[in-house]
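Hi,

Here is the structure I promised to pass on. Have a look at it first, and then read my notes below.

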Amino acid sequence: MQDLHDALVTAMSLMLGLDHDLLEIVAVSLRVSCTGVLLAAVIALPLGGALALLRFPGRRLLIVLMNALMGLPPVVVGLIVYLLLSRSGPLGPLGLLFTITAMIIAQCLLVIPLIAALSRQIFEDLWGEYAEQLRSLGAEAGRAVFTLLREGRYSLLTVVLAGFGRAIAEVGAVLIVGGNIAHHTRTMTTAIVLETSKGDLALALALGIILILLASVINALVYFSKDVVEHYTT
Amino acid sequence: MQMNGASILPLRLMDVNYAVREHTLLDQINITFMPGVRTVILGPNGAGKSLLLRLCHGLIFPTTGSITWMGKGADGSRRGQAMVFQRPVMLRRSVAANIEYPLKLNHVPRTERTQQVRQALETAGLMALAARNARVLSGGEQQRVALARAWVLHPQVLLLDEPTTNLDPSATRAVEEIAGTFHATGTKIIMTTHDLSQARRMADEVIFIHRGCVLETGPADKFFDRPRTEEARTYLRGGLL
């Protein structure tokens, strides 16, 4: 109980005092997760659409694979990216290990299957409704993917948000490929792990509270921006 | 009126069968659609009218038999035809943007697009609704948008699949008037309906189908005055088939 009270007090004072270290950590977290998820969305949304609309060899296998990889453990992704980027790995010469870029790559890979698998289902449902109409109007499947991307934008945005939730909350991948280096690759989640292991539970919990608040604010912004967009486009 | 080069008509269906698993849904269909006249495909629900139209449009393919555009311009048969569905799908955008969509798909230059959208809006009486979100319009308004959207590329053939089934009388009349206007500009109209009075109003030529078979084809007045088959006589009397 005392810990929780301390945590709340610490969290408030950190936030109200705009603690420099805290802001730095928040900035790294946001930068990594936002960039990683945006990249993942750019790749995974058309992929989801293609899996739903196009027929090509290996399609079913890819669908099963994406579905299975939705629950990919972050530490495993971290480990794989670590092996790829480490000095002796195939991408070692790029010198990306323990950088922000490495963390973005890891989170991007982590989220791609989730966005692809969930969006495929949305595309498939939409296609059931739109297929004959779009084909009649002259849109072949490749083109229709982009029409449906627009038609399903709100459902697909929710999928991207789910991806963001997974990215901002994970610790395994960024810890392994980022290294939790102070003032460089330390994120909210890796800082929480560190403070917990040091025994500073109050600070760890305070960071946790801030993380939850941050994720809520971002979700709220996206949710309400949808209403604003809808209001101005109709 | 601008038409896209040589005619794609006539359209000939030869020995067309359409079956799903063991069930024959269309049986030995032989029809030739000629330009100029308004053809109404008439028959009770479940007769196979929609299937026939979708086969003609190339959305589905016959199990056996052939469907051929016989005209000199047959190479352009894809763009030369358009279809309006019983329940049209409106894209989540404005009425004007819905009508512009097929123009974009066909790479029509922007300046031309604006002008053609305007023309289609006027023809379908939609100018006042141009900026509205198409998804929230009434059924009748949506069907008018679908007509304008199908017609905006000036197809030679317009396939209408029970376009007024879900509409009230005034919306039905609006749709029939728009179809009449398209016909007057030289577009071949092929329409399905189970509504006898609509068939009387719209048809130059009737194709009567029942249980997947064509029972009668011919000029509308002849069909309505002297139907040759017992099924057609029953249907025209309003009896159950």
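Let me start with a helix pair in chain A: Ile63(A), Met66(A), Asn67(A) and Leu69(A) in α3(A) meet Pro113(A), Ala116(A), Ala117(A) and Arg120(A) in α5(A). Contact here is between residues whose C-beta atoms, placed from the backbone, lie within 7 Å. Helices (H or I, at least four residues) and strands (E, at least two) are DSSP runs, numbered from the N terminus. By class, this contact of α3(A) with α5(A) has six nonpolar, one polar and one charged residues. Ala, Val, Leu, Ile, Met, Phe, Trp, Tyr, Cys and Pro are counted as nonpolar, Asp, Glu, Lys and Arg as charged, and the others, Gly among them, as polar.

Before I go on: this is a predicted model, where local features need pLDDT of at least 70 and side-chain atom pairs count only at pLDDT 80 or more, while totals for chains, interfaces and linings use all residues. Residues are numbered from 1 along each chain as its sequence is written, and chains are lettered from A and ligands numbered from 1 in the order in which they are written.

Back to the pair. α3 (residues 59-69) and α5 (residues 100-137) of chain A pack at an angle of about 120°, with their axes 8 Å apart. The axes are lines fitted to C-alpha atoms over the stretch in contact, and angles run from 0 to 180 degrees between N-to-C directions.

Elsewhere in chain A, Leu22(A) sits in helix α2 (residues 20-53). Leu22(A) and Thr187(A) are 165 residues apart in sequence, yet 9.4 Å apart in space, C-alpha to C-alpha.

Now the two chains together. Chain B puts 15 residues into the contact and chain A 12 residues. On the chain B side, β5 (81-84) and α2 (95-105) are the elements giving two or more residues, and α2(B) gives the most, with three residues. That side divides into 10 nonpolar, three polar and two charged residues.

As for chain B itself, eight helices and nine strands make it up. Its C-alpha trace spans about 55 × 40 × 35 Å along the principal axes, and 42% of its 241 residues count as buried.

Cheers

How values were computed
Contact = placed C-beta atoms within 7 Å. Buried ≥ 20, exposed ≤ 12 C-beta atoms within 10 Å, placed from the backbone.
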